[in-house]
Amino acid sequence: MSRTIQVGGAAPYAVHLGPDALVRLGRHAAPGRRVLVVHQTGREDLAREAADVLAAAGAAPVLAPVPDAESAKTVPVLAGLWTLLGQQGFTRSDLVVGIGGGATTDLAGFAAASWLRGVEVVQLPTSLLGVVDAAVGGKTGINTAEGKNLVGAFHPPVEVLCDPGWTATQPRADYVSGLAEVIKCGFVADPTILDLVEHDPGAATDPRRDPGLALDLVARAVQVKADVVAADLTESSLREILNYGHTFAHAVEQVEGYTWRHGDAVAVGLVYVAELAHRAGLLDAALRDRHRQVLDAVGLPTAYRPGRWEELRTAMGRDKKTRGSTLRFVVLEGLARPGRLEGPSEEDLRAAYAAVAPG
Ligand SMILES: NC(=O)c1ccc[n+]([C@@H]2O[C@H](COP(=O)([O-])OP(=O)(O)OC[C@H]3O[C@@H](n4cnc5c(N)ncnc54)[C@H](O)[C@@H]3O)[C@@H](O)[C@H]2O)c1
Ligand SMILES: O=C(O)C(=O)C[C@@H](O)[C@H](O)[C@H](O)COP(=O)(O)O
Ligand SMILES: [Zn+2]
């Protein structure tokens, strides 16, 4: 079972889902082409397979293991990659490959974006969240002490390759966290995703139980992202809809010292923003409640802890959609009808928190 989704725009590329992902990687090799294979620790097996494919086609792969999860998205780790790129003499005709979850592909993408002001990157996501979201669309970057993804660049990959078998080895909780981004796509653009998940939440959380459903959900979410980023790569307006739920989510991640999975934080962020939109009179109670219900059904968190409001409020001020001191939220005004809520009252902001974090 394979699927290929084309991402349009100024520099079009393919997102290929299929067991031949590594074979296709070989097409990016050329005699003497240097390839930095940035891979998360724990994916050495796949990194070596990728390196063998590249080397067989004449390229010169260099393996670059990086720490797991968010510890990869730091200045020292990025600086280590720059050192390696410099020492190995990478030029603009060379290539970076990212192998791992979204944290690794965000880092690898930014290393590629920043080296010599931009070399090509091919992304090989191994997590559900990575393939449906992080590896697609060209947002790359790292975190700083002040917040999530505060340093980065828009740098689309030249191809995204994923063997669905890779994500099947993810621990269940990590896989389920990726479903939060899939469900997000359902709310903002493709309600069939919600119908599919609600119809059989158990199958949606286990790719081994129904590989066809898993591939369908992935392809649908990628299609949503592809359509949006093709129209607005640099987030001048439309692309903000992919940030649904993220204002609160990124604040939770930062307040929790990046110990929360990104997708788990997104789930709580979706519940928060649905409550906020309801309080602002934009979203009816039934659609607000559907957020909590579908997230609950797959076992994603829908509540946060009380007592953290001041820290969360400060962190939300650093969201990239903020303009000056005005917080801006992507909200739903109906199913697949995203809008914006600008400068909600402090009272509503806090009341929505109280609803998500009853204490
Ligand atoms: N650039 C974007 O547009 C974008 C979009 C969404 C999320 N993100 C970023 O992506 C990151 C979250 O991605 P994630 O959920 O993949 O988290 P992650 O990269 O931290 O990976 C989660 C865990 O899964 C493990 N893992 C990954 N693939 C595996 C596999 N095949 N088998 C076993 N274990 C595996 C990793 O080692 C890690 O422990 C966050 O940093 C988030 O900000 C970026
Ligand atoms: O692709 C986008 O655009 C998104 O906002 C997708 C999000 O799921 C993703 O977490 C993204 O990294 C958030 O971007 P940020 O600009 O809010 O840091
Ligand atoms: Zn996200």
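The shell around ligand 1 in this predicted model draws on both domains: domain 1 (3–167) and domain 2 (172–356) each contribute at least three residues to the shell. In total, 31 residues surround ligand 1, and the closest are Ala69, Gly101, Gly102, Ser127 and Ala134. Several helices take part in this shell. Helix H4 (102–114), helix H5 (128–134), helix H6 (164–167), helix H7 (172–188) and helix H12 (262–279) each provide at least two of its residues. Sorted by class, the shell around ligand 1 comprises 18 polar, eight charged and five nonpolar residues.

The largest nonpolar core has 115 residues, among which Val38 and Ala50 touch the most other members. Helix H12 supplies the largest share of this core, namely 11 residues. Domain 1 (3–167) and domain 2 (172–356) each give at least three residues to this core. The surroundings of Val38 may be examined in detail. Beyond its neighbours within four places in sequence, Val38 is in contact with residues including Ala64, Val66, Leu81, Val96 and Val97. Further contacts of Val38 include Ile99, Leu107, Ala108 and Ala111.

Leu213 lies in helix H10 (residues 211–231). Leu213 is classed as partly exposed because 17 C-beta neighbours lie inside 10 Å, whereas a buried residue requires 20 or more. Apart from neighbours within four places in sequence, Leu213 is in contact with Leu196, Ala203 and Ala204. Between Leu213 and Asp200, which are 13 residues apart in sequence, the C-alpha to C-alpha distance is 9.7 Å.

How values were computed:
Residues are numbered from 1 along each chain as its sequence is written. Chains are lettered from A and ligands numbered from 1 in the order in which they are written. This is a predicted model: local features need pLDDT of at least 70, side-chain atom pairs count only at pLDDT 80 or more; totals for chains, interfaces and linings use all residues. A residue is near a molecule or strand if its C-beta atom, placed from the backbone, lies within 6 Å of it. Helices (H or I, at least four residues) and strands (E, at least two) are DSSP runs, numbered from the N terminus. Ala, Val, Leu, Ile, Met, Phe, Trp, Tyr, Cys and Pro count as nonpolar, Asp, Glu, Lys and Arg as charged, and the others, Gly among them, as polar. Domain bounds come from an automatic or database domain assignment. A residue is buried if 20 or more other C-beta atoms lie within 10 Å of its own, exposed if 12 or fewer, and partly exposed in between; C-beta atoms are placed from the backbone. Two residues are in contact if their C-beta atoms, placed from the backbone, lie within 7 Å. A nonpolar core is a set of buried Ala, Val, Leu, Ile, Met, Phe, Trp, Tyr and Cys residues joined through C-beta atoms within 7 Å.
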